[in-house]
Amino acid sequence: MTAPALATRRYGLGAGLAGAALNYFKYWMLAAAVLCFAVPLLIAQYAGIELSAWYYAVNAGKWFTAFVGGGFVFTLLPQMIAAGLTRRELAAAMGVFGVLWSLALGAVGFAGLFAERAYYGAFGWSQGIDATSGIAPIGSAADTAAFAAYLPLLFLAYFAAGTVIGVASYRWEHAGWLLVVPVLPVVFGLDVALYSTEPVGPGWIGFLGRFIDEWGRGPLAAAIVLATAVLAVAARRLLIDVPLRSKQA
């Protein structure tokens, strides 16, 4: 392999991982979309529709993104290093993977909210979220755009959180997963606070949101950027220093 190819293969690998993951999970995404548009139509036969089904699918996607980041790095680490990739190259590839994956899922989430807005509007339903003060409509088209604009950042935060936990789980075989305890409450709490919503998941993980939901979206978005950067640096540091266990190499 030529020197230029060696210098850039980490980026090609990252893009390739993102493309392969999106291709592999495309039918999962399609199934989620079908359910989000079919289930409200069924429920409407018996009750009014006030909540956005797509919002819940997006939240499930955030958790799934954490599993993708952690699962991929845990699985790929010994295989890629054994194949000749350096740890620094794998760290860069995972960074590219995370950014592209998050942008793609953010775009899907953005488009889905607008498609659902038109769908709900056609039937006279209310597209809302389960906020701390009760069911809150997402609002106008501009409000919907503002609501969805944070999705790529949130997906990236969950990806970084999952990657840190995945690397730690490989490095410390029996105790690395315990990083879930400090990491997820921070990411999940910031997410909950950003939209002033009820936690979509275990309530105790979102306790942080109750203390910071008055910050406003600007400071909260900055806090999410900072948390994501810290997690990305931690994941890279762990990945660069991690020893390989011979039984998995």
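**View 1. Two cavities turn up in a search of the whole structure, at a cut-off of 30 Å³ or more.** Here a cavity is a set of points, on a 1 Å grid over the protein atoms alone, where a 1.4 Å probe fits but cannot get out. This is a predicted model, in which local features need pLDDT of at least 70 and side-chain atom pairs count only at pLDDT 80 or more, while totals for chains, interfaces and linings use all residues. Residues are numbered from 1 along each chain as its sequence is written, and side-chain values use heavy atoms, with hydrogens and water left out.

**View 2. The largest cavity has a volume of about 40 Å³.** That volume is the space filled by probe spheres set on the points, with grid points joined across faces, edges and corners. Around the largest cavity you will find Leu154, Ala157, Val187, Leu190, Asp191, Ile224, Ala227 and Thr228 as its lining (lining residues have an atom within 4 Å of a point). Helix H6 (151–171), helix H7 (180–195) and helix H9 (217–241) are the elements that give two or more residues to this lining; helices are DSSP runs (H or I, at least four residues), numbered from the N terminus. By class, six lining residues are nonpolar, one is polar and one is charged (Ala, Val, Leu, Ile, Met, Phe, Trp, Tyr, Cys and Pro count as nonpolar, Asp, Glu, Lys and Arg as charged, and the others, Gly among them, as polar).

**View 3. The largest pocket holds about 330 Å³ of space.** A pocket is an open set of grid points with protein on both sides within 12 Å along at least five of seven lines. Of its 14 lining residues, Met29, Ala32, Ala57, Ala60 and Gly61 lie nearest the centre. Helix H2 (26–43), helix H3 (53–82) and helix H4 (87–123) each supply at least two lining residues, and H3 has the largest share, with six. The lining counts 12 nonpolar, two polar and no charged residues.

**View 4. The second largest pocket holds about 260 Å³ of space.** Its lining has 15 residues, and Ala91, Met94, Gly95, Ala232 and Ala235 lie nearest its centre. H4, H6 and H9 each bring at least two residues to the lining, with the largest share, six residues, coming from H4. By class there are 10 nonpolar, four polar and one charged residues.
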